[in-house]
Amino acid sequence: MSAPLEDYALIGDTYTAGLVSRSGSMDWLCLPRFDSGACFARLLGGERHGHWSLAPYGDGWSVTRRYLTDSLVLETTFRQAGDEVRVLDCMPVRNDRPDVTRRVEGVRGRVPMRSCFVPRFDYGSIVPWFRPDNRRLHAVAGPDHLTLDSAFPLEPTDAGRAVTHFQVGPGDAVEFHLGWNSREYGSPPRPGGDIVSATRRWWQEWASHCRYQGRYREAVVRSLITLKALTYAPTGGIIAAPTTSLPEQLGGVRNWDYRHCWIRDATFTLLALLDSGYESEARAWREWLLRAVAGEPEQMQILYGIDGTRRLPELELDWLPGYENSRPVRIGNDAARQHQWDVYGELMDALHQARHAGIPPAEDAWRVQRKLMDFLEGHWREPDSGIWEMRGPRRHFTHSKAMAWAAADRAVKAVEDFGLHGPVGRWKRLRAQVFDDICDKGYDPGRNTFTQHYGSTTVDAALLTLPGIGFLPAQDERMRGTVRAVEEELLSGGFVQRYAMTDRTPHVDGLPQGEGAFLPCTFWLADCYIQQGDTARGRALFERLLGLRNDVGLLSEEYDIRAERLVGNFPQALSHIALINTATGLDGHRSGQGSRQDGASAGRSMR
């Protein structure tokens, strides 16, 4: 059985990532890419589905963990009586092939150690053939070939595992290296030099460029490092999470593959990178966006693969019992086939922010934007599946319409602020039409709140982003009323759910009721408090969210209030992006030039 999510730490090389538990077991690793089949899948099953444990032998060890300062090198320290040993885990930032380095360092006493290597390809379904080669062990099946290098001879057992016992004393250091290759022969050479120190220096140098110097710098830097670790270096695409099918409700069916890139997160991501001083990463993300959406506007998807792949067929892996028996386990994501009008606004806004930040426009970027606007003009009145990828009937979601407004607003500003050519008069009329349509059909004057969708009697946490996109200022009475409605309907245990799941909202998303509080939405509520001038309340909520991070500073997608546990895919990029953006806003470090709120006056004038 896997550990609680709070017990996992992330290591990665900007191509893929793995999760290591407090007990020293690597329970999730996909090689060679984020979206490859896992060779360790214990996270979604049991020991037989693949893992690599490295820890002191026996019970009774106390454990403390940390990342070495401003890095993605994990240090796990085990103590018992007079004995102490530490394990350093990292993945050197890749030049060629992936490598997992695990170093055992003796500190006090003579500590018996045990390494148990159990590779299982294709998400735990395939037991590889083993070929011992003295201190190197080969594990091969189909296109996958792992090589484990050790300081000791490695002998596999009939159970498809390799167990090694050894001892370390003060000053001793023993390293293991796990490499991947697509061929059985021509194995990657064993890495040379001090891999751990080199990896630590790489991350520390990268982190040193962080421009944020406020009171939450530790949390912001850790979130930025996490975001960088979730970036696929060859393309600049940023995945939502390195995992699949971690449930939004323990034992439930809301289990999705998040190892893909969402257009929904485009502007949030861009602002977090720009405000923190990472222009090259922001530029790479912008370039990924443009490449991914290339084609006809009607073919634009809400999410893509890490290299821009469009086909992400959803499959169920019936041999995996799921995290804490949460089934089905899925790979791929059928949401890629949905229609969501909000992504057009997100893309237009992201390119607008990039121009404001001085990132030179990519070739043909404006031509792509104009084609998107032509398409949106003819389709914004149609229903869609909404930002939350509802699997129920399409509806006229208010947030989706507001993002269509944002698209028109950014098109107008491209002409007025940057001198680009386009039918600005027509776009101004479109902006006015969408604004009036929302205020007429997506607003309930009796309750003084915007609603989840036209004709709805409930609200949606996505409405909290309306001030941020400039639709209305947070101080507007309609937004104040919407915030109150969110507090009344969606706030539970101090945290915000995405939307109501009650008998009043049957079949909204086409799934059984039940999920945790969505952490990014709670950050958005804190943003609204800050924008309304209630900084103390916003700060209190923000710091409560910080308290949900695990011992190494990581957040998942959601939080189970009753169980007091993190749930959903982990670590979640959007949660860390929201943390960065809220901290930046709280401490006044937002650049201002790229603020999403510069459209508010345009929104008011359209009444």
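The second largest cavity of this predicted model is lined by Ser-385, Gly-386, Ile-387, Trp-388, Met-390, Phe-397, His-399, Ser-400, Gln-452, Asp-460 and Ala-462. Sorted by class, this lining comprises five nonpolar, five polar and one charged residues. In total, the structure holds four cavities of 30 Å³ or more.

The backbone at Glu-389 deserves attention next. Glu-389 is not a glycine, yet its phi is positive, at about 55°. Glu-389 belongs to the loop that runs between H7 and helix H8, the latter spanning residues 398-418. Among the residues lining the second largest cavity are Trp-388 and Met-390.

Helix H6 covers residues 342-356 and helix H7 covers residues 365-379; their axes come within 11 Å and cross at roughly 150°. An angle over 145 degrees counts as roughly antiparallel, and H6 and H7 are therefore roughly antiparallel to each other. Their crossing is left-handed. On the H6 side, the contact is made by Tyr-344, Leu-347, Met-348, Leu-351 and Arg-355. These meet Ala-365, Trp-366, Gln-369, Leu-372, Met-373, Phe-375 and Leu-376 of H7. The residues of this contact divide into ten nonpolar, one polar and one charged.

H7 also packs against helix H9, which is formed by residues 424-441. Here the axes are 12 Å apart and the angle is about 45°. Angles under 35 degrees count as roughly parallel and those from 65 to 115 as roughly perpendicular; H7 and H9 are therefore oblique to each other. The crossing of H7 with H9 is left-handed. From H7, the residues Trp-366, Arg-370, Met-373, Asp-374 and Glu-377 take part, and they meet Arg-426, Trp-427 and Leu-430 of H9. By class, this contact has four nonpolar, no polar and four charged residues. Trp-366 and Met-373 of H7 are among the residues that meet H9, and they are also among those that meet H6.

Helix H4 (residues 266-276) and helix H5 (residues 279-293) have axes that come within 8 Å and cross at roughly 160°. This angle makes H4 roughly antiparallel to H5. The crossing of H4 and H5 is left-handed. H4 contributes Ala-266, Thr-269, Leu-270, Leu-273 and Leu-274 to the contact, while H5 contributes Glu-279, Glu-281, Ala-282, Trp-285 and Leu-289. Seven of the residues in the contact of H4 with H5 are nonpolar, one is polar and two are charged.

Two cis peptide bonds complete the account. One of them joins Arg-327 and Pro-328, with an omega of about 5°. Pro-328 is placed in the loop between strand S20, residues 315-316, and strand S21, residues 330-331. The other leads from Phe-570 to Pro-571, where omega is near -15°. Pro-571 is likewise in a loop, between strand S28 (565-567) and helix H14 (573-586).

How values were computed:
Residues are numbered from 1 along each chain as its sequence is written. This is a predicted model: local features need pLDDT of at least 70, side-chain atom pairs count only at pLDDT 80 or more; totals for chains, interfaces and linings use all residues. Side-chain values use heavy atoms; hydrogens and water are left out. Axes are lines fitted to C-alpha atoms, for helices over the stretch in contact, and angles run from 0 to 180 degrees between N-to-C directions. Helices (H or I, at least four residues) and strands (E, at least two) are DSSP runs, numbered from the N terminus. A crossing is left-handed if the near helix is turned anticlockwise from the far one by less than a right angle, and right-handed if clockwise. Contact means heavy atoms within 4.5 Å. Ala, Val, Leu, Ile, Met, Phe, Trp, Tyr, Cys and Pro count as nonpolar, Asp, Glu, Lys and Arg as charged, and the others, Gly among them, as polar. On a 1 Å grid over the protein atoms alone, a cavity is a set of points where a 1.4 Å probe fits but cannot get out, and a pocket is an open set with protein on both sides within 12 Å along at least five of seven lines; lining residues have an atom within 4 Å of a point. Grid points are joined across faces, edges and corners, and a volume is the space filled by probe spheres set on the points.
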